[in-house]
Amino acid sequence: MMTETEVKGYSIWLIPDQKTQADLESVTQDLRVRFDGPDIPLHLTLLGQITDQPDHIVNQFRKLALGQSQLDLTFEYIGYERLFFRALYLKIVESPELLNLNKIARASFHRESDPPFLPHISLLYSSSEKAEKRLFENQIQKVAIKNIPMVSLELVRTQGPVSAWKSIEVIDL
């Protein structure tokens with residue numbers, strides 16, 4: 001059974017292209033069924049738990065997207081943690097472009113003192129044990145995704161449980 005941690009506020013996500021999403025769909029679907037995880041869209045959280053006023057958040061989100069272009073990110077390794085939101089993920093290489101975008105996002109919301117950025121794409125939200133998740137490593141490796149084009153920014157209201165999250169706006173890069 002899934003033990004879910006609730007979050008608050010809004011998040012800014014980078015969204016991969018349709019091909020990457022399709023390539024990983026069978027893996028993520030199997031993971032959700034096996035570990036009773038919620039259905040989550042593939043994304044990289046650029047900045048989470050933003051708790052400013054909604055109008056300010058939307059305006060800053062739109063400013064952040066201005067002039068941004070597609071980011072081509074690189075898969076580094078498969079990670080496992082005992083944290084619900086990082087149960088099983090693709091660790092992403094910390095490219096200068098990605099780190100700069102994160103820095104701009106943090107500055108936009110006065111979040112420069114946040115913990116270090118860990119760029120990743122979660123494949124599973126779950127409280128399951130690490131050993132069980134290793135069973136899927138070969139299946140994930142078979143997908144052979146090395147480069148991941150991020151083609152849009154999405155503002156998501158991530159208030160409460162995952163099932164209550166709601167997309168507010170998507171901007172193509």
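Let me start on helix α3, where the face turned away from the buried side carries the exposed residues Pro96 and Lys103; by exposed I mean over 50% relative accessible area, by buried under 20%, and by partly exposed anything in between, with a 1.4 Å probe and protein chains only. Helices here are DSSP runs of H or I with at least four residues, strands are runs of E with at least two, and both are numbered from the N terminus.

Before going on, a word on provenance: this is a predicted model, in which local features need pLDDT of at least 70 and side-chain atom pairs count only at pLDDT 80 or more, while totals for chains, interfaces and linings use all residues. Residues are numbered from 1 along each chain as its sequence is written, and side-chain values use heavy atoms, with hydrogens and water left out.

Back to α3, then, which takes in residues 96-108, 13 residues in total, and reaches 18 Å from its first C-alpha to its last, close to the 18 Å expected at 1.5 Å a residue; that expected span is 1.5 Å times one less than the number of residues. Its buried residues are Leu98, Leu101, Asn102, Ala105, Arg106 and Ser108. They cover an arc of only 160 degrees around the axis, and therefore lie on the same side of α3, the arc being that of the directions from the helix axis to the C-beta atoms. What do these buried residues pack against? The partners are β1 (10-16), β2 (44-50), α2 (54-65), β3 (71-80) and β4 (88-92), where a contact means heavy atoms within 4.5 Å.

Two of those partners, β1 and β2, pair with each other in the antiparallel sense over four bridges; strands are said to pair if DSSP finds at least two bridges between them. Strand β2 is mostly covered, with five of its seven residues buried.

Now to the backbone. Most residues other than glycine have a negative phi. Gln49, which lies in strand β2, has a positive phi, near 50 degrees, and at 39% relative accessibility this residue counts as partly exposed. His110 follows α3 and sits in the loop between α3 and β5 (120-124), with a positive phi of about 55 degrees although it is not a glycine. Is His110 buried or exposed? His110 is exposed, with a relative accessible area of 65%.

The 18 residues of α1 (residues 18-35) should span 26 Å at 1.5 Å a residue, and the end C-alpha atoms are 25 Å apart, which agrees. Even so, α1 bends by about 45 degrees at Glu25, the bend being the angle between axes fitted to the seven residues ending there and the seven starting there. The buried residues of α1 include Leu24, Val27, Leu31 and Phe35, along with Thr20, Thr28 and Arg32.

Finally, the whole chain, which has five helices and seven strands, running β-α-β-α-β-β-α-β-α-α-β-β from the N terminus on. Of its 173 residues, 49% count as buried. Among contacts between residues at least 6 apart in sequence, 77% join residues at least 24 apart. The accessible surface comes to about 9000 Å², of which 49% belongs to carbon and sulfur atoms, with areas from the Shrake-Rupley method, a 1.4 Å probe, and, for residues, only the protein chains shown counted as cover.
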